[in-house]
Amino acid sequence: DDATLYFLFVKLAARAKQLDDPATWKKAMEDALGFPSWYGRNLDALHDCLTEVFDNTQLILRNWCFLEEKLGAYAAAIRRAMTHAEKENPCVEIYFD
């Protein structure tokens with residue numbers, strides 16, 4: 001539910017300083033959001049999972065500036081994929097804090 005997703009992102013944000021490479025970030029997202037077994041740990045799969053959310057959901061990514069600093073161009077690619085999914089799915093709102 002919405003509250004659980006918010007809690008999980010807060011939990012993920014608390015670990016932001018540990019998410020300093022793409023593989024660690026992908027695994028943390030998978031664990032935090034409980035993605036299905038077919039989640040391929042790539043940006044296309046992230047996009048697909050977000051476009052298949054059918055409940056109104058707000059995703060708040062805290063400490064985003066730290067992730068941008070650590071992940072560089074990959075953080076920009078994550079943001080593009082998530083923003084694109086948000087535009088396709090009216091049930092999803094994403095905030096980068």
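**Overall fold**

The model is predicted. The protein chain holds five helices and two strands. Along the sequence these elements come in the order α-α-α-β-α-α-β. Of the chain's 97 residues, 43% count as buried.

**The two strands**

Strand E1 covers residues 57-61, and four of its five residues are buried, so the strand is mostly covered. Its partner is strand E2, made of residues 92-96; the two run parallel and are joined by five bridges. Within this pairing, Ile60 stands opposite Tyr95 of E2. In a regular strand, side chains alternate between the two faces of the sheet.

The loop between H3 and E1 contains Phe54. Is Phe54 buried or exposed? Phe54 has a relative accessible area of 70%, and because exposed means over 50%, Phe54 is exposed. Phe54 and Val92 are 38 residues apart along the chain, yet their C-alpha atoms are separated by 8.3 Å.

**Charges on the surface**

A patch of negative charge lies on the surface, where Asp44, Asp48, Glu52 and Glu88 gather. One of these residues, Asp44, belongs to helix H3, which spans residues 43-51. Asp44 has a relative accessibility of 60% and therefore counts as exposed.

**The salt bridge**

How many salt bridges does a search of the whole structure find? The search finds one. This salt bridge is formed by Glu68 and Arg79, whose closest N and O atoms are 3.8 Å apart. The pair links distant parts of the chain: Glu68 sits in helix H4 (residues 64-71) and Arg79 in helix H5 (residues 73-88), 11 residues apart. Glu68 is partly exposed, because its relative accessible area of 37% lies between the limits of 20% for buried and 50% for exposed. Arg79, at 32% relative accessibility, also counts as partly exposed.

**Accessibility of the residues discussed**

The table collects the relative accessibility of residues named above.

| Residue | Relative accessibility and class |
|---|---|
| Asp44 | 60%, exposed |
| Phe54 | 70%, exposed |
| Glu68 | 37%, partly exposed |
| Arg79 | 32%, partly exposed |

Two of the table's entries, Glu68 and Arg79, are the partners in the salt bridge. Asp44 is part of the negative patch, while Phe54 lies in the loop between H3 and E1.

Note on methods: Residues numbered from 1 in each chain as written. Predicted model: local features only at pLDDT ≥ 70, side-chain atom pairs only at ≥ 80, totals over all residues. Heavy atoms only, no water. Patch = residues over 30% accessible without salt bridge, like charges linked within 9 Å, V, L, I, M, F, W, Y side chains within 5 Å. Areas by Shrake-Rupley, 256 points an atom, 1.4 Å probe, with all protein chains shown as cover. Salt bridge = Lys/Arg side-chain N within 4 Å of Asp/Glu carboxyl O. Lys, Arg positive; Asp, Glu negative; His and termini not counted. Charge placed at Lys NZ, Arg CZ, Asp CG, Glu CD. Buried < 20%, exposed > 50% of the residue type's maximum accessible area, 1.4 Å probe, protein only. Pairing = 2+ DSSP bridges.
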